[in-house]
Amino acid sequence: MRTSNHLIGLVNFLTFLLSIPILGGGIWLSSRANSTDCLRFLQWPLIVIGISIMVVSLAGFAGACYRNKFLMWLYLVVMLLIIAALIGFIIFAYAVTDKGSGRTVLNRGYLDYYIQDYSGWLKDRVSDDSYWGKISSCLKDSGACRKIGKNFNGVPETADMFFLRRLSPVESGCCKPPTDCGFSYVNETGWDTRGGMIGPNPDCMLWSNDQSMLCYQCSSCKAGVLGSLKKSWRKVSVINIVVLIMLVIFYVIAYAAYRNVKRMDNDEPAGEARMTKSHPSHFHL
């Protein structure tokens, strides 16, 4: 029994360690939300799951150390629910970021983003006018476009240098007009709109050289936010899948050890059948 308790304690300690990257992923998404995406609700499922695993692992560890079968049983039940929740979150993250990506542009290092390339719940959430008002306001406050400017030895970069840059989805969608508008480059966030092709893309009418406006109300900006979310969530989901596999392995080990403890408490030797003989004895008269 002592060996089984030690094994359960070790598994709980390892599970506690596995909660750290999950919690770290949620905090990373939170920092990304504050600086670029401004969708603060998205990181909370990961943070809640990470904290839950930490707390439950500590409870299971205490149960193993003090031979408290109730705490060990509670650990197994709650951990099973957490594994199910983590599976659900991974499926949800992939489902809502399944479609959509940037489009390559001829002679450009960056991609252009279009809202029609995306679909589903996340697109509807971001595109909602009342919700987008909060996101765009957050983007302005974060100074996402102020950071796009570059100088080389005090000299602003030229159009050719800018066109070769690999911009983030938010920088490409919110800080410059779509390439198909045909505007002429002045600087990273300033463009000459004279002679541009106003017709094909509605965003061309929404672009403004006013630094407080830019393309924050453009569909391309919404698509850029979705593109940034997709990249962030996919990175975190890869870590979550690895953690999920490890959690399932540790859960199976902990369950087997718990069954062993329970069997020993009931004085059931391992491998012995409840019937001592497979065939009844024949009575001879």
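## The C215–C218 link

A disulfide (cysteine sulfur atoms within 2.5 Å) joins C215 to C218, with 1.9 Å from S to S. The model is predicted, so local features need pLDDT of at least 70 and side-chain atom pairs pLDDT 80 or more, while totals for chains, interfaces and linings use all residues. Numbering starts from 1 along each chain as its sequence is written, and side-chain values use heavy atoms, leaving out hydrogens and water.

About its S-S bond, the C215 and C218 link sits at -85 degrees, left-handed. Both cysteines are buried, where buried means under 20% relative accessible area, exposed over 50% and partly exposed in between, using a 1.4 Å probe and protein chains only.

The structure holds four disulfides. In one of them, C174 and C221 have their sulfur atoms 1.9 Å apart. That pair ties helix α7 (residues 169-174) to helix α9, 47 residues apart; helices here are DSSP runs of H or I, at least four residues, and strands are E runs of at least two, numbered from the N terminus. The S-S torsion of C174 and C221 is about 90 degrees, so this one is right-handed.

C181 and C204 also pair up, sulfurs 1.9 Å apart. Their torsion is about -95 degrees, so the disulfide is left-handed.

Overall, the protein chain has nine helices and six strands, and 43% of its 285 residues are buried.

S237 lies in helix α9 (residues 219-265). S237 is buried, at 2% relative accessible area. Leaving aside residues up to four places away in sequence, S237 touches A93 and Y94, a contact being heavy atoms within 4.5 Å.
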